[in-house]
Amino acid sequence: MKFSESIKQVNQSLGKSASIGIFTGFQFAISLVSFGVGFFLAFLCGLGMIWSILIGLWLSATTLTLSGQRPYLFWSRIFPAVPMWTRGYVRYSSPQEKRKAGSRKVRLWL
């Protein structure tokens with residue numbers, strides 16, 4: 001058995017999503033749906049053909065921005081810091097024990 005016979009030719013596009021230009025098929029479908037929704041809602045409100053097209057384009061461009069490969073570049077401008085959650089422990093004290101301790105008055109020396 002030769003080495004070249006054991007290697008099989010495979011389609012290189014296997015496992016990759018379909019692309020239409022620079023967009024994936026999913027992004028293209030979502031942008032078409034969002035354009036249609038924006039156009040329909042604007043036209044339903046009586047804004048006219050040009051405004052309906054502009055609102056549809058704006059909505060589809062927004063969905064393309066948010067559904068891209070790196071949407072965190074957009075979201076990081078809105079929410080700059082991600083909170084870091086850690087586990088903490090606090091000793092439980094019942095409300096009755098807190099009343100027994102009383103309150104301490106802080107004196108201010110002026």
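Me: Let's start with Leu41. Where does Leu41 lie, and why is Leu41 called partly exposed?

Reply: Leu41 lies in helix α2, residues 25-44; helices here are DSSP runs of H or I with at least four residues, strands are E runs of at least two, and both are numbered from the N terminus. Buried means under 20% relative accessible area, exposed means over 50%, and partly exposed is in between (1.4 Å probe, protein chains only). Leu41 has a relative accessible area of 46%, so partly exposed is the label.

Me: What should I know about the model itself?

Reply: It's a predicted model, where local features need pLDDT of at least 70 and side-chain atom pairs count only at pLDDT 80 or more, while totals for chains, interfaces and linings use all residues. Numbering runs from 1 along each chain as its sequence is written, and side-chain values use heavy atoms, with hydrogens and water left out.

Me: How many helices and strands does the protein chain have, and what pattern does the chain follow?

Reply: The chain has 5 helices and 2 strands, and reading along the sequence gives α-β-β-α-α-α-α. Buried residues make up 11% of its 110 residues. The accessible surface is about 11000 Å², and 65% of that belongs to carbon and sulfur atoms; such areas come from the Shrake-Rupley method.

Me: Back to α2. How do you know that its span agrees with what a helix should have?

Reply: The expected span is 1.5 Å times one less than the number of residues. For the 20 residues of α2 that comes to 28 Å, and the end C-alpha atoms are 28 Å apart, so the two agree.

Me: Which residues of α2 are buried, and what makes them line one face?

Reply: Gln27, Ser31, Ser34, Gly38 and Ala42 are the buried ones in α2. Down the axis of α2 they fall within an arc of 70 degrees, so they line one face of the helix; the arc is taken from the directions from the helix axis to the C-beta atoms. Over on the other side of α2, Phe26, Leu32, Val33, Phe40 and Leu44 are exposed. The cover for the buried residues includes β2 (23-24) and α3.

Me: And α3: how do you know that its span agrees, and which of its residues are buried?

Reply: The 18 residues of α3 should span 26 Å, and its end C-alpha atoms are 26 Å apart, so that agrees too. Its buried residues are Ser52, Gly56, Ser60, Thr63 and Leu64. They fall within an arc of 105 degrees seen down the axis of α3, so they line one face of the helix. Ile50, Trp51 and Trp58 are exposed on the other side of α3, while the buried residues pack against β2 and α2.

Me: Why is Ser60 called buried, and what is Ser60 in contact with?

Reply: Ser60 is at 10% relative accessibility, so Ser60 counts as buried. Contact means heavy atoms within 4.5 Å. Leaving aside neighbours within four places in sequence, Ser60 is in contact with Ser31, Ser34 and Phe35. Thr63, also found in helix α3, has contacts with Ile30, Ser31 and Ser34 on that basis of leaving out neighbours within four places.

Me: Where does Leu47 lie, and why is Leu47 called partly exposed?

Reply: Leu47 lies in the loop between α2 and α3. Its relative accessibility is 43%, so Leu47 counts as partly exposed. Not counting residues up to four places away in sequence, Leu47 touches Ala42 and Ile55.

Me: What makes a nonpolar patch on the surface, and which residues form it?

Reply: Patches take residues with over 30% relative accessible area and no salt bridge; nonpolar side chains (Val, Leu, Ile, Met, Phe, Trp, Tyr) are joined within 5 Å, like charges within 9 Å. A salt bridge is a side-chain nitrogen of Lys or Arg within 4 Å of a carboxyl oxygen of Asp or Glu. The patch here is Phe43, Leu47, Met49, Ile50, Trp51, Ile53, Leu54 and Leu57, with about 820 Å² of accessible area together. Helix α3 (residues 49-66) gives the most, with 6 residues. Met49 has its place in α3, and with a relative accessible area of 46%, Met49 is partly exposed.

Note on methods: Accessible areas come from the Shrake-Rupley method with a 1.4 Å probe; for residues, only the protein chains shown count as cover.
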